[in-house]
Amino acid sequence: MPSFGSDYLAGCHPAILERLIASNLEQTPGYGLDPYCASARAKIRAAIGDENADVHFLVGGTQTNAIVIAHILRPHQGVIAAEAAHIATHETGAIEAAGHKVLVLPSTDGKLTAAQVQDFFTQYYAASDIQEHIVQPGMVYISQPTELGTVYSRAELAALAQVCRRHSLPLFVDGARLGYALHPEVSDVTLADLATLSDVFYIGGTKCGALFGEAVVITRDACKPYFRATMKQHGGLLAKGRLLGIQFDVLFTDDLYTRICHDAIAHARRIRNAFEARGIAFYGASTTNQQFPILPEAEAARFIRDYGFAAYWPAENGQQIVRYCTSWATTAAEVEALLAAI
């Protein structure tokens with residue numbers, strides 16, 4: 001049966017596998033200093049419109065978040081994030097394990113607002129007599145899209161960037177599912193906008209067509225020096241770096257990265273429409289490939305068992321919030337099978 005449990009369950013796009021096989025016996029320099037990584041960097045810089053950006057390749061999202069945050073923060077600083085943020089809920093305390101506190105703010109939709117962040121800074125600076133006793137905010141972390149499938153508009157992102165720059169703090173955007181937020185009907189934020197408005201962001205590959213891999217893009221000059229040293233110290237500098245470079249080189253050829261993620265949005269909406277036609281409500285306001293129907297417990301158990309849906313939050317009053325994900329690899333036939341079950 002098809003599984004809609006997550007967007008990283010399939011392997012990789014066939015074009016990536018073909019290139020990996022074709023280059024398998026080549027011998028290239030290690031640690032991302034090979035021609036494939038160089039080509040991928042050039043294509044990413046062209047896509048974001050910033051020839052001066054630093055681009056680095058890492059294996060997975062948790063590793064990427066931990067390394068970026070450890071690289072930027074001083075020992076006495078923490079990172080501001082929404083309470084539903086991945087670094088606060090699903091990374092086993094990876095940030096805290098490196099000595100930095102995640103400073104969570106409440107959010108019903110998974111997003112931070114510029115006003116929230118400004119209020120946090122105001123409260124911190126107002127506590128001037130005890131600042132040496134409390135964690136200093138050192139950067140701001142957001143996701144595009146969020147853990148709840150919501151997205152930032154360009155205006156929202158610009159407002160956050162303005163607050164961060166007012167306080168000289170980096171804005172870091174987690175783009176693990178970025179490909180699904182680049183659909184023009186989902187958000188007006190483009191790769192070029194991310195390069196302009198954030199200081200560091202990453203382009204997720206693991207959930208968007210690659211076997212594994214994330215591409216970190218650093219646009220703020222102050223964050224660039226010695227990032228590779230931080231990667232090495234945290235076990236993130238892959239010896240066979242070309243395995244990452246090849247994948248992003250393929251994904252950023254002929255706009256493959258965004259094209260293969262577009263169908264996932266259409267599939268997710270078809271499934272949502274089918275549930276809604278049966279009177280099923282949804283949790284939150286996701287417009288991306290993650291959707292959260294609220295099902296009777298028995299039906300939730302059925303879709304979890306037969307279609308890989310994930311259980312989200314404990315059941316209450318006979319209802320269960322579940323999550324389904326479409327992906328770059330979801331087929332029309334798989335969607336039709338699910339629609340029939342609905």
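Buried here means under 20% relative accessible area. I note at the start that this is a predicted model.

**Entry 1: strand 6**

I looked up the burial of strand 6, residues 200-204, and found that 5 of its 5 residues are buried. I then went through the strand face by face. Val200, Tyr202 and Gly204 lie on one side and are buried.

**Entry 2: neighbours of strand 6**

Which strands pair with strand 6, and in what sense? I found strand 5 (residues 171-174) paired with strand 6 in the parallel sense, over 2 bridges. In this pairing I noted valine 173 opposite phenylalanine 201. Strand 7 (residues 214-218) pairs with strand 6 in the antiparallel sense, over 5 bridges.

**Entry 3: salt bridges**

I turned to charged side chains next. The count comes to 12 salt bridges. I looked at some of them.

Lysine 111 forms a salt bridge with glutamate 156, and their closest N and O atoms are 2.9 Å apart. Lysine 111 is in the loop between strand 3 (102-105) and helix 6 (114-126), while glutamate 156 is in helix 7 (residues 154-166), so this pair ties together parts 45 residues apart in sequence. Is lysine 111 buried or exposed? I have lysine 111 as buried, at a relative accessible area of 12%. Glutamate 156 is partly exposed, at 34%.

I next checked arginine 269 and glutamate 185, whose side chains meet in a salt bridge at 2.8 Å, N to O. This pair also links distant parts of the chain, 84 residues apart. Arginine 269 sits in helix 12 (residues 256-277), and glutamate 185 in the loop between helix 8 (178-181) and helix 9 (191-197). I recorded a relative accessible area of 31% for arginine 269, which is partly exposed. Glutamate 185 is exposed, at 57%.

The side chains of aspartate 306 and arginine 305 meet in a salt bridge at 2.9 Å, N to O. I have aspartate 306 as partly exposed, at 25% relative accessibility. Arginine 305 counts as exposed, at 59%.

**Entry 4: a network**

Last, I looked up a network of salt bridges and found that it links Arg19, Lys43 and Asp249.

Notes:
Residues numbered from 1 in each chain as written. Predicted model: local features only at pLDDT ≥ 70, side-chain atom pairs only at ≥ 80, totals over all residues. Heavy atoms only, no water. Salt bridge = Lys/Arg side-chain N within 4 Å of Asp/Glu carboxyl O. Helix = DSSP H or I, 4+ residues; strand = E, 2+ residues; numbered from the N terminus. Buried < 20%, exposed > 50% of the residue type's maximum accessible area, 1.4 Å probe, protein only. Pairing = 2+ DSSP bridges.
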